[in-house]
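Here is a briefing on one protein structure. Take a look at the model before reading on.

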Amino acid sequence: MTGTPLSTTTPLSGRIALVSGASRGIGRAVAIGLAKAGAHVILAARSLGALEAVDDEIRASGGAATLLQLDLRKGDRVDQLGPTIYQRWERLDILVANAGILGPLSPLGHTTDDGFLATIDINLTANWRLIRTLDPLLKRSDAGRAIFVTSGAASGKYAYWGAYSASKAGLEALVKTWAAELVNTPVRANLINPGATRTQMRAKAFPGEDAAALPAPEDLVPLFLELASPECKRNGETINFREWRDPLS
């Protein structure tokens, strides 16, 4: 079910949030949504120019953000994230680990080493590094909330999606394991499966699809805000956006 409406226009006032992959698509929409809800958002992505455009929109709406150029392929940079955030804020209240790549869509027997490993590095290993470096900061929050983005492909039912499917299945196991470790802490960790959404990644995977018929990234923002709320008690769950939006369908 969708839960109760947010009672104020800035329910996340004073919260510190980090969004990876914040330059476009779902990450961009969620970052702007968090800022409008009152959070100070650390915008992380590879492209500083694209982040500046998101920052402009956040500031125009009265929000506040900090830009962080971050390449998730560089493990040492990810590892430094926790200490860097600690020096300025001493805690982290919200993590939205959204960044990901599609990787090669090909038979497993034809998938190259580089293509497979790059997909695992970004979609799985980088998220483990985020967990490791940010776990202490989230535990310093009175209600740390971590949200990861998964996919129906994690089921392994789709031919030619081997690298992506394996990375998302691994991510789900990783996050649920961490959630089990968090039971006796103030931190909660969950996953969202957006389903087909109007993003560049979806267009790359399904170039002939009518994008106008798909939900926009902004449609998912209320679900992210619900899971980011200090009042949210969910932990270790995978929430399918369409089931959350249309619980009786």
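This is a predicted model: local features need pLDDT of at least 70, side-chain atom pairs count only at pLDDT 80 or more; totals for chains, interfaces and linings use all residues.

Residues are numbered from 1 along each chain as its sequence is written, and side-chain values use heavy atoms, with hydrogens and water left out.

**Sheet**
- Seven strands form an open, parallel sheet, ordered β3-β2-β1-β4-β5-β6-β7.
- Strands (E, at least two residues) and helices (H or I, at least four) are DSSP runs, numbered from the N terminus.
- Strands pair if DSSP finds at least two bridges between them.
- The edges are β3 (64-69) and β7 (238-240), each pairing on one side only.
- On average, neighbouring strands are turned by 20 degrees against each other, direction ignored (axes are lines fitted to C-alpha atoms).
- β1 (16-20) and β4 (94-97) pair in the parallel sense over four bridges.
- Leu18 has Leu95 in β4 as its bridge partner.

**Helix α5**
- The 27 residues of α5 should span 39 Å at 1.5 Å a residue; the end C-alpha atoms are 37 Å apart, which agrees (the expected span is 1.5 Å times one less than the number of residues).
- α5 has a kink of about 40 degrees, centred on Asp121 (the bend is the angle between axes fitted to the seven residues ending there and the seven starting there).

**Largest pocket**
- The largest pocket has a volume of about 1,300 Å³.
- A pocket is an open set of points on a 1 Å grid where a 1.4 Å probe fits, with protein on both sides within 12 Å along at least five of seven lines; lining residues have an atom within 4 Å of a point.
- Of its 44 lining residues, Gly100, Ile101, Leu102, Tyr164 and Met201 are closest to the centre.
- α7 gives the largest share of the lining, five residues.

How values were computed: Grid points are joined across faces, edges and corners, and a volume is the space filled by probe spheres set on the points. Axes are lines fitted to C-alpha atoms, for helices over the stretch in contact, and angles run from 0 to 180 degrees between N-to-C directions.
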